[in-house]
Amino acid sequence: MNTELYTYYKNRIAEVNNIMIHLKGKNTYFVLGEVITFAGIIGFMVFYVMNQSSFWVLLSSLLSLILYMLIRNFDAKNTKQIEALTALLNVYKREVRYHEGYFDQFAAGEQFVDARHSFTFDLDIFGQLSLYQRINRCVTTGGADYLALCLSEENLEHSQKAKLAQIGRRSESIRTLAQDRKLVTQFKALGVEKIIDTVAIQQALAKVETIRVPHFFGTQWFKILLNTSLVGFYVSLVLAVLGYCDYSIPSIWAAANFNISFFASYRYLKKITVAFDRVRHQVQNYVRVMQLIETINAGSSEELQQIKRRLANALAAFEHLERISQKIDGRSNEFGVILFNVLRLIDLSIISSFVSLQNHFKASTRQWLDAVSKFDALVSMANFRLNEDKATEARVVESNEVVFEAEGLYHPFLGDKAVTNNFSVENLHYYIITGANMAGKSTFLRTLGINYVLAMNGLPVFATRFTISIFHLFTSMRTTDDLANGISYFNAELLRLKRLIGSLQPTMPNLIILDEILKGTNSLDKLNGSRLFLEYVSERNVTGVIATHDLELSKMDANSRFHNFCFEIELGSNIGYSYKLGVGVARNQNATYLLKDILAD
């Protein structure tokens with residue numbers, strides 16, 4: 001964990017709290033000012049009507065109205081500032097909890113848990129306390145999905161060169177974004193209260209393209225007619241107030257404005273409102289997301305430059321979308337419908353803006369949404385790099401063989417208490433790891449796999465030195481039965497091994513990581529079956545790391561390609577666990593020892 005960043009977050013919490021106390025105090029004065037000026041508007045108007053007072057009384061009412069609008073504007077800005085600071089405060093608090101070892105405030109990606117996947121289920125990539133939960137800070141559902149796709153990618157559809165290039169681009173993007181801590185924090189704040197539903201926005205945009213509105217509403221002539229009608233109404237109102245014409249003229253004009261605006265647009269506005277209904281409260285944050293992306297310094301990052309290029313015309317279109325959403329919100333009740341149609345011809349204005357919006361949203365909308373989703377996931381990865389400052393960059397090499405060389409390797413979930421190990425894998429060789437229960441075998445296997453996943457995504461790895469090639473990874477560590485479908489534990493193990501064999505890639509290297517082959521059967525059958533399986537895969541383009549309690553399996557010998565490693569324990573008055581990987585076969589076991597201890601109680 002990054003201790004400097006932890007201190008920074010805690011200090012920012014104190015600073016933001018102090019600023020918010022000041023801003024909330026200002027709110028009280030704004031409310032008081034609004035009450036006083038509103039009372040002045042009504043009071044001067046009543047006094048003018050009842051006493052036929054001078055023009056100055058009417059002017060005082062107008063000045064009170066102007067002052068009221070100014071105070072409301074200041075109040076709205078102050079409220080927005082408080083909301084923005086509240087979001088930042090929540091970001092800081094969540095990151096403090098992360099550094100203290102609590103992750104429940106972040107989405108765990110449980111919808112992505114798949115027991116059939118080649119490695120994600122065994123390596124705790126998704127679910128509670130998973131790698132995904134530690135990385136994920138996505139503010140859009142599209143970003144969350146893209147992050148999950150990155151962490152579960154199986155390297156089957158890329159050439160070595162293409163995958164290496166992808167890793168290099170992603171690593172550069174993550175480094176570039178991690179250098180701008182302010183941007184990363186501001187970005188996270190946009191979705192801290194509620195994540196933006198990318199699918200809902202996509203569906204609304206698709207609906208926008210299908211709604212048919214007469215083209216006339218979007219022409220320049222129509223906009224001139226709208227503005228002419230509004231100017232005429234306000235001129236007649238001023239003339240009536242000054243006594244140059246009867247009040248019936250602006251009254252008739254106001255009624256005409258309302259009826260024409262409301263009834264001429266009703267059938268179209270109903271469809272537009274339905275299309276915007278699900279997303280209009282999310283559009284504002286989506287626009288903020290795009291505005292923030294526009295401000296980034298992409299530096300030498302090819303991927304970030306490409307994202308900015310893809311979004312070149314998107315911001316104007318989405319800002320247009322936001323303005324329409326705000327107009328729809330403004331007429332969301334009966335009073336708003338009447339008032340804004342009289343004063344602004346709001347319904348016709350929405351229709352006119354909508355026709356212009358349709359001209360912006362063409363086939364590029366899918367491209368825009370994908371670009372935002374990718375950037376969203378990259379920010380989460382950059383945040384992980386910021387938080388985990390003790391992790392290092394992996395060296396990913398091009399090779400037609402399995403390359404796995406690590407020094408000071410440890411599991412990212414263990415933090416400062418982790419015991420590091422050195423481990424190297426030679427292509428087409430097999431490593432049998434023995435040891436007592438709780439000695440560290442399973443954790444070590446997951447350490448190998450999870451650091452590989454990090455490296456394949458350009459993320460920092462948890463080792464002092466880590467060199468890796470691109471290969472197909474398949475694990476089998478957490479097989480479970482399925483009684484509902486009549487699948488026993490042993491049958492589930494066989495199905496997993498069958499899936500493993502079926503997944504092997506003949507044109508690329510394969511690494512398999514197995515924890516206790518065939519543990520669902522008796523000892524002799526397990527030993528014979530394990531040997532048979534290892535003999536089978538050893539004749540193929542497969543490298544393997546296998547943990548087992550079966551010491552007899554350590555006697556495998558196929559042209560010296562099988563190697564024995566162990567996690568040894570020390571038995572005495574207490575059991576000593578070193579969690580250090582050593583060469584050879586484990587001598588001590590602890591099941592009987594621990595059981596005797598329990599029975600003695």
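Domain bounds here come from an automatic or database domain assignment.

View 1. The model is predicted: local features need pLDDT of at least 70, side-chain atom pairs count only at pLDDT 80 or more, and totals for chains, interfaces and linings use all residues. Residues are numbered from 1 along each chain as its sequence is written, and side-chain values use heavy atoms, with hydrogens and water left out. Domain 1 spans 114-387 and domain 2 spans 392-600. Their centres, taken over C-alpha atoms, are 47 Å apart. Each domain brings 32 residues to the contact (heavy atoms within 4.5 Å).

**View 2. Buried area between the domains.** Buried area is the accessible area (1.4 Å probe) that two parts lose on being put together, summed over both. Between domain 1 and domain 2 it is about 3,000 Å². Carbon and sulfur atoms give 56% of that area. On the domain 1 side, Asp122, Leu123 and Gln160 supply 23% of the area buried against domain 2, more than any other three residues.

View 3. The domain 1 and domain 2 interface holds six salt bridges (a side-chain nitrogen of Lys or Arg within 4 Å of a carboxyl oxygen of Asp or Glu). Glu393 and Arg175 form a salt bridge through their side chains, at 3.0 Å from N to O.

**View 4. Helices on the domain 1 face.** Helices (H or I, at least four residues) and strands (E, at least two) are DSSP runs, numbered from the N terminus. On the side of domain 1 that touches domain 2, α3 (131-135), α4 (141-152), α5 (160-178) and α15 (365-387) each supply at least two residues. The largest share, nine residues, comes from α5.

View 5. The whole structure has 19 salt bridges. In one, Glu4 pairs with Arg181, with the closest N and O atoms 3.4 Å apart. Glu4 lies in α1 (residues 3-51) and Arg181 in α6 (residues 181-189), so the pair ties together parts 177 residues apart in sequence.
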